[in-house]
Amino acid sequence: MVVSLGYLATRQRTLTSLALKLAILVISIYGTYQSPLADPSRGVSSAASVLASTSATLLGFVIAASAAIITVTDKPFLANLRKTGHINKLWDVMTQSAFWIGASFLLALISFFVPHGPSLTLTGTSLGCIIVGCVNFADASKKLLKIFKRL
């Protein structure tokens, strides 16, 4: 359900997209409080470490994909995409993806150093951020694959 909301968030206009992303964050925080992590005897640090390492890896993929596009900017096909404005849309999606995945990484790191209650909220928010970032990156990767096939 959360991933389908994320997919809809990439297809909607700005206000609707923001509302859907907010819904994903709220659902992930609620789900975290309903999970076994809510038990104080179990540490949230294991979930936070998984989220931090996953988001750092995904952020590396986003940066690598951006670097791959930057290296071929002199190609005529990309010049045509720049003229039509499609490359700007791609950069917007890539930037949003990097923002959400980077936010997930930072929130997961911060959750290591706060008490259990706020740590649980930060871990849930980190989970929501990584879901939104992954959906944005999946949308961007479809566009990137089409571009790389034409180069």
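Reply: Let us begin with D139, which is buried because its relative accessible area is 6%, where buried means under 20%, exposed over 50% and partly exposed in between, with a 1.4 Å probe and protein chains only as cover. The model is predicted, so local features need pLDDT of at least 70 and side-chain atom pairs count only at pLDDT 80 or more, while totals for chains, interfaces and linings use all residues. Residues are numbered from 1 along each chain as its sequence is written, and side-chain values use heavy atoms, with hydrogens and water left out.

Me: Which side chain does D139 meet in a salt bridge?

Reply: A salt bridge is a side-chain nitrogen of Lys or Arg within 4 Å of a carboxyl oxygen of Asp or Glu. Here D139 is paired with K143 at 3.8 Å, N to O. K143 is partly exposed, at 32% relative accessibility. A search of the whole structure finds one salt bridge.

Me: Why are K143 and D139 separated by about one helical turn?

Reply: An α-helix has 3.6 residues a turn, so residues three or four places apart point the same way. K143 and D139 are about one turn apart because they are four residues apart in helix α6. Helices are DSSP runs of H or I with at least four residues, numbered from the N terminus.

Me: What is T125 in contact with?

Reply: Contact means heavy atoms within 4.5 Å. T125 also lies in helix α6 and is buried, at 18% relative accessible area. Beyond its neighbours within four places in sequence, T125 is in contact with L25, I29 and L107.

Me: Which residues touch the most other members of the largest nonpolar core?

Reply: A nonpolar core is a set of buried Ala, Val, Leu, Ile, Met, Phe, Trp, Tyr and Cys residues joined through side-chain atoms within 4.5 Å. The largest has 30 residues, and L90, M94 and I147 touch the most other members. At least two residues of this core come from each of α2 (14–34), α3, α4, α5 and α6. Not counting residues up to four places away in sequence, M94 touches V62, A65, S66, F137, A140 and L144.

Me: What covers the buried residues of α3?

Reply: The buried residues of α3 include L51, L58, V62 and I69. Their cover includes α4 (76–84), α5 and α6.

Me: Is F112 buried or partly exposed?

Reply: F112 is partly exposed, because its relative accessibility is 35%. F112 lies in the loop between α5 (86–110) and α6 (116–150).
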